[in-house]
Amino acid sequence: MKQILISLVLIVSLTQCNSREKDIQGLWRTDSISNYVNGLSFTNNTMDEHWSYFEYKPDGSVFERRGKEFRKSYYKLTGADSLTYSDSTGYALNQYQILHLDEKILVLKKSQKPYLAGKNQELYEIRYFSKTTADNTLASQKK
């Protein structure tokens with residue numbers, strides 16, 4: 001009975017990671033960025049030239065596009081709620097907690113190091129994305 005339960009849990013977790021990989025693939029537009037610092041928060045939801053589009057490819061590469069510039073890195077879902085970006089050598093660049101992921105919405109949280117020494121400090125950033133198409137991206141850049 002115990003082996004059946006362990007097998008069932010393993011199958012469910014593997015299926016969940018596979019469906020999440022399919023959900024994350026595609027083009028995502030940044031909608032807003034919230035910063036939280038020791039009880040204070042600020043949300044920027046005004047799109048400007050500093051905001052990026054992220055295109056997640058099935059081969060594990062991700063292209064961050066900002067205007068005419070782009071940067072290539074690699075992504076990996078390292079658990080049901082973890083997303084890791086790495087460079088071409090496999091060195092981890094950033095790690096995010098996936099707060100929400102479905103076929104239309106992606107919400108990522110990144111914990112940040114405290115600015116000052118001391119206990120009880122909490123700093124993080126939450127990024128909200130919506131799935132889009134290349135046609136929508138070109139239309140918004142022309143405005």
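**View 1. Salt bridges in the predicted model.** The count of salt bridges is 6, where a salt bridge is a side-chain nitrogen of Lys or Arg within 4 Å of a carboxyl oxygen of Asp or Glu. Side chains of opposite charge can pair when their charged atoms come close. This is a predicted model, in which local features need pLDDT of at least 70 and side-chain atom pairs count only at pLDDT 80 or more, while totals for chains, interfaces and linings use all residues. Residues are numbered from 1 along each chain as its sequence is written, and side-chain values use heavy atoms, with hydrogens and water left out.

**View 2. The salt bridge of Asp31 and Arg29.** The closest N and O atoms of this pair are 2.8 Å apart. Asp31 has 25% relative accessibility and counts as partly exposed; Arg29, with a relative accessible area of 28%, is partly exposed. Buried means under 20% relative accessible area, exposed over 50%, and partly exposed in between (1.4 Å probe, protein chains only).

**View 3. The salt bridge of Glu64 and Arg71.** The side chains of Glu64 and Arg71 meet at 2.8 Å, N to O. Glu64 is buried, at 14% relative accessibility, whereas Arg71 is exposed, its relative accessible area being 51%.

**View 4. The salt bridge of Glu125 and Arg127.** Between Glu125 and Arg127, the closest N and O atoms lie 2.6 Å apart. Glu125 counts as buried, with 11% relative accessibility.

**View 5. A network of Glu55, Lys57 and Arg65.**
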